[in-house]
Amino acid sequence: MSAPDTPELVLEAGRASRNYWGDLWRFRELLGFLAWRDIKVRYKQTVLGVLWALIQPAVTLAVFTFVFGKLAAMPAGNVPYPLLVLCGLLPWQLFAAAFSNASGSLVANTHLISKVYFPRLIVPLSSVAVALIDFAVVLVLLAVLCAWWQFVPDWRIVLTPLFILLTLVAALGTGLWLTALTVKYRDFRFVVPFLLQVGLFLSPVGFSSTNLPNWRTLYSLNPMVGAIDGFRWCLLRGEPPLDLLNLAISSGMALVLLISGLWYFRQVERTFADII
Amino acid sequence: MSQPVIEVSTVGKRYYLSHQQRSDTLRDSIAQTVRGLFGGASQGNREEFWALRDVSFSVNQGDVVGIIGRNGAGKSTLLKILSRITEPTTGRAVIRGRVASLLEVGTGFHPELSGRENIFLNGAILGMSRAEITRKFDEIVAFAEVERFLDTQVKHYSSGMYVRLAFAVAAHLEPEILVVDEVLAVGDAQFQKKCLGKMSEVARDSGRTVLFVSHNTGALQAICRSALWLQQGRVMRAGPMAECLPAYLASGNEAATYAPTNADRPHLTSVALDRTALATGRFRLSVGFKSPFPLNPPVIGIVLQSRHGQPLAGSNGRMMGDRWTPPPLREGVITAEIPMLPLHSDTYRASVYLGDATQDYDQKLDAVEFDYISPNFYPQTPPLHVIGQLDLPWQWTVDSR
């Protein structure tokens, strides 16, 4: 337990801790514990338990298939429409869960922040990890649907983790901004559900982004456009084909969000305990 | 080796007290910024408050330092700075060694999780590694005496069990520097004793450095060799506990004086508690008054209250009827004494009243607050919310049949 060499720690106003990232690594187990706590507690005292992670996407899937596939009769290429929707819904739900968990994470852990030191970044990071669990559950739904339509994805499926990463980067970037802002301005609590509602329609969840040929580049400024297109490309045998320029734009936006989010978070992190 | 493990120089911590308006919503913040742009005083409704000011001291390895001071003296703020929860506004602190801080018992306990799960969670939050917790798991459980309830959700625990488990986890931390806020004020007496024992063991045997805040003078004397006395955010005195503690307890002898709110009416002018006498169990409160006409007779009323303001005992001259025979007076000091204050050690308050034979003229509610350390030492006092504050001269008789 004793440190190999006695670390000298200087506490001073405005002095960013030099070994912040080292501390973050040292506290990695805490990250795991916090995520584990949230997962354990999540479905306590519920009857259906983890089934809730399936019910919501299943219902959304049915509604979107009906509205976009049947009512609006949008084209799906040569894949069953529900599969097209589910491959959009998967990354979107991952984003939505990770983003909203991260946004509320600091305020939800007020009691920790005002009583114990640890790199505050642990809190939003662990809440993002929790979102991955629900995501894994929905993957089961995808497997069931693929089996139903006897749809077998090809080699591209191995690239899916890249797009999971893109989704998480976008969610963490926006989540960091909002959680840090919410510490000071509780207004942003109301912004989160609103952003998610608008985002659901501004992202190609219920339809394919190929329906917007002329707008696709501008559309790709929404990082979730790249993520959802990528998911479909990976899981639906390269359909619709990947547009590398648009993917680069989406990925760039996600990175900008993450880096600026980290920057802002680090700026205000030192005052969290005083104002939370 | 000769370098101190904690070096604090001219540390200050400023908070803003906002009045009337809080700027915690975006709208307020924008409104203030806009007002600022147009030359309005955006700082107008904020008041600076220095919780700590120019605090300097150093602690050597193996020192066990008790931090003493009244409520609001800045003790907790100092601990928060040293445990990196908040940063100082001015000055700097250098810490050489790993710090673990215990500002609250059971930080991060989750009511829905079992005792077993909470040990791991709480341990991780306090900075222990999983391997370390696993290694000490049995020891922690034994210390907390909760073996049977390990897999019960913590929300079903009694408050005593909860506190025991929480302290047990914290007690098994092994940092080089341990920072502990008033956490021993919880739990039953037997467990408190156990905690104190553990604390002194930690301090004495392992050469660890401990900073310890407490109002429990017995604990301070038992555990700490040196003291840091804070008053209103500044260091009053630092040195051996044996010197600082009596000085601290006797401090505040100087009378509180009051400017008249209305000089045309009889009013209270001062209240002085003799804290030197109090240290020996003698309660002595002197109350000054002044009146535009002779009070016949002058009557002072005193009500002793618990720390929460609940009245415990009160008296005044009027109650005594014919036996209260001072001459009519325009000005004077009336002193009330209780030779042996029949109260247990705790924080108390007193309110004072001024009147004459028929009516009351002035009052000072919560005029003084004091920590009373009873000279009667009971090794095992149950919590005061169970037995009450009164320490009456009980006499027991036992018949064997």
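The model is predicted, with local features requiring pLDDT of at least 70 and side-chain atom pairs counting only at pLDDT 80 or more, while totals for chains, interfaces and linings use all residues. Residues are numbered from 1 along each chain as its sequence is written, and chains are lettered from A and ligands numbered from 1 in the order in which they are written.

**View 1. The contact between chains A and B.** Chain A contributes 28 residues and chain B contributes 37 residues, two residues being in contact if their C-beta atoms, placed from the backbone, lie within 7 Å. On the side of chain A that touches chain B, two or more residues come from each of strand E1 (8-12), helix H2 (28-42), helix H5 (110-113) and helix H12 (272-275) of chain A. Helices (H or I, at least four residues) and strands (E, at least two) are DSSP runs, numbered from the N terminus. With six residues, H2(A) gives the most to this side.

View 2. E1(A) and strand E4 (residues 90-96) of chain B run antiparallel and are joined by five bridges; two strands pair if DSSP finds at least two bridges between them. Opposite Glu8(A) stands Arg96(B), in E4(B).

**View 3. The open sheet of chain B.** Six strands of chain B form an open sheet with mixed pairing, in the order E5-E6-E7-E3-E8-E9. Strand E5 (99-102) and strand E9 (234-240) of chain B each have a single partner strand and stand at the edges, so one side of each is left without a neighbour in the sheet. Neighbouring strands of this sheet are turned by 15 degrees against each other on average, direction ignored; axes are lines fitted to C-alpha atoms, for helices over the stretch in contact, and angles run from 0 to 180 degrees between N-to-C directions.

View 4. Four bridges pair E5(B) in the parallel sense with strand E6 (residues 177-180) of chain B. Val99(B) has Ile177(B) of E6(B) as its bridge partner.

**View 5. A helix on the sheet.** Helix H8 (residues 241-250) of chain B packs on the sheet and touches strand E3 (64-68), strand E8 (226-231) and E9 of chain B. The direction of H8(B) makes about 135 degrees with that of E9(B).

**View 6. Surroundings of Leu82(B).** Leaving aside neighbours within four places in sequence, Leu82(B) is in contact with Ile6(B), Ala93(B), Ile95(B), Val99(B), Val179(B) and Leu211(B).
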